[in-house]
Amino acid sequence: MSAKTPFVHRNLPRLLLQAREAVMTHTRPSLRDQGLSDQQWRVLRVLGEDHGNGGTGVETGCIAREAFIIGPSLSGVLTRMERDGLIQRARATHDQRRTVVQATQLGLARVATLSTTIEAHYQWMEQHLGKARLQALYELLDGVIALEATSSAAIASTTE
């Protein structure tokens, strides 16, 4: 007796992971050349983006959310990055219970070096997919994220 699965739609989480891995296949060699893991790069990318913090650092909770790294793992990643001189940690001036993280000059140099390579890959993708299709992809992904966030919030409010 063969059981046919009741699925009608393709496996979206798997497709998203496959797409991520396909993109990272181009990025990982550059990360490794700079001595960085995927997680370390995600942290540096967050620190290299403008979070409206005026150069005072990014709170670890924000890094965890933006880099998709759970707290215990983030702690280890930050410890290694601090040891390697890529980041520095300090207590937040507004709340001594919180920790903020800043990229050091070495960390920012790695961001600058890698951003050139990564942006070149995005340009390559844009040439092959077309600017409009790449923009549409960004918008679709943003829409999925927003939709699922709204759904998660609604589910959370009904369980409280």
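Me: Is phenylalanine 68 buried or exposed?
Reply: This is a predicted model. Phenylalanine 68 has a relative accessibility of 72%, and the cut-off for the exposed class is over 50%. Phenylalanine 68 therefore counts as exposed.

Me: Where does phenylalanine 68 lie, and what is its phi?
Reply: Phenylalanine 68 belongs to the loop between helix H3 (60-67) and helix H4 (71-83). Although this residue is not a glycine, its phi is positive, at about 55°.

Me: Which element gives the most residues to the largest nonpolar core?
Reply: This core has 25 residues, and those touching the most other members are Trp41, Val43, Leu44, Leu47, Ile63 and Ile87. Two or more residues come from each of H1, helix H2 (38-48), H3, H4, strand E3 (99-103) and H5. The most, five residues, come from H2.

Me: Which residues is leucine 44 in contact with, leaving aside its neighbours within four places in sequence?
Reply: Leucine 44 is among the core residues that touch the most other members. With those sequence neighbours set aside, its contacts are Leu36, Met81, Leu86, Ile87, Ala103, Gly107, Arg110 and Val111.

Me: How are H1 and H5 oriented to each other?
Reply: The axes of helix H1 (residues 12-33) and helix H5 (residues 105-129) come within 10 Å and cross at roughly 160°. Angles over 145 degrees count as roughly antiparallel. H1 and H5 are therefore roughly antiparallel.

Key
Residues numbered from 1 in each chain as written. Predicted model: local features only at pLDDT ≥ 70, side-chain atom pairs only at ≥ 80, totals over all residues. Heavy atoms only, no water. Axes fitted to C-alpha atoms, helices over the stretch in contact; angles between N-to-C directions. Helix = DSSP H or I, 4+ residues; strand = E, 2+ residues; numbered from the N terminus. Parallel < 35°, antiparallel > 145°, perpendicular 65-115°, else oblique. Buried < 20%, exposed > 50% of the residue type's maximum accessible area, 1.4 Å probe, protein only. Core = buried A, V, L, I, M, F, W, Y, C linked by side-chain atoms within 4.5 Å. Contact = heavy atoms within 4.5 Å.
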